[in-house]
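Reader: I would like to learn how to read a sheet, a core and single residues in a model. Please take them in turn.

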Amino acid sequence: QAQVVESGGGLVQPGGSLRLSCVRSGSTRSINDMGWYRQAPGKERELVATVTSSGNTNYADAVKGRFTISRDNAKNTVSLQMNSLKPEDTAVYYCYAQMLSLTGRRWQDYWGQGTLVTVSS
């Protein structure tokens, strides 16, 4: 049973930093893209950052220059370093890992349970 588990959320003051981590376990299937989405209160879930298996990254405009996504393929992990946090960054952050199906014919997105980041004074 493949699992994707996030950690590292918490309460931080504006301007502070947090590092979120996510690990895929319970599977040896190949991982394609990994990344982070977030969902703020009253808003739709939005993409934060993604990283491909080869290390190419993509960031939402709202976090570009402040957040950094990285992955360790050997450890099946992806992290999100969040600097210069703003109150509008407050959200539940979800990690995903895109893995091959058991048949190997399609990619499937596996999601973590979410970790809450609260940026407040």
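Predicted model: local features only at pLDDT ≥ 70, side-chain atom pairs only at ≥ 80, totals over all residues.

Reader: In what order do the four strands of the open sheet lie?

Author: Strands of a sheet pair through backbone hydrogen bonds, either parallel or antiparallel. Strands here are DSSP runs (E, at least two residues), numbered from the N terminus, and two strands pair if DSSP finds at least two bridges between them. In this structure the order is 1-3-8-7, with antiparallel pairing. Strand 1 (3–7) and strand 7 are the edge strands, each pairing on one side only. From one strand to the next, the twist averages 15°, an angle taken between N-to-C directions on a scale from 0 to 180 degrees, with axes fitted to C-alpha atoms. Strand 7 and strand 8 are joined by six bridges, and Ile-69 stands opposite Leu-80 in strand 8.

Reader: Which residues have the most contacts inside the largest nonpolar core?

Author: In soluble globular proteins, nonpolar side chains tend to be buried together. A nonpolar core is a set of buried Ala, Val, Leu, Ile, Met, Phe, Trp, Tyr and Cys residues joined through side-chain atoms within 4.5 Å; buried means under 20% relative accessible area, exposed over 50%, partly exposed in between (1.4 Å probe, protein chains only). The largest core here has 29 residues, and Trp-36, Leu-80, Met-82 and Tyr-93 have the most contacts inside it. Strand 9 gives the largest share, five residues. Beyond its neighbours within four places in sequence, Leu-80 is in contact (heavy atoms within 4.5 Å) with residues including Trp-36, Ile-69 and Tyr-93.

Reader: Is Ser-79 buried or exposed?

Author: Ser-79, in strand 8, counts as buried because its relative accessibility is 7%. A polar contact is a pair of N or O atoms within 3.5 Å; within protein, one must be able to donate a hydrogen and the other to accept it, and residues adjacent in sequence count only if both atoms are side-chain atoms. The Ser-79 side chain makes such contacts with the side chains of Arg-19 (2.9 Å) and Ser-70 (2.8 Å).

Reader: Where is Thr-52 found?

Author: Thr-52 lies in the loop between strand 5 and strand 6 (57–59). Thr-52 counts as partly exposed because its relative accessibility is 23%. Its side chain makes a polar contact with that of Ser-54 (3.1 Å).

Notes:
Residues numbered from 1 in each chain as written. Heavy atoms only, no water.
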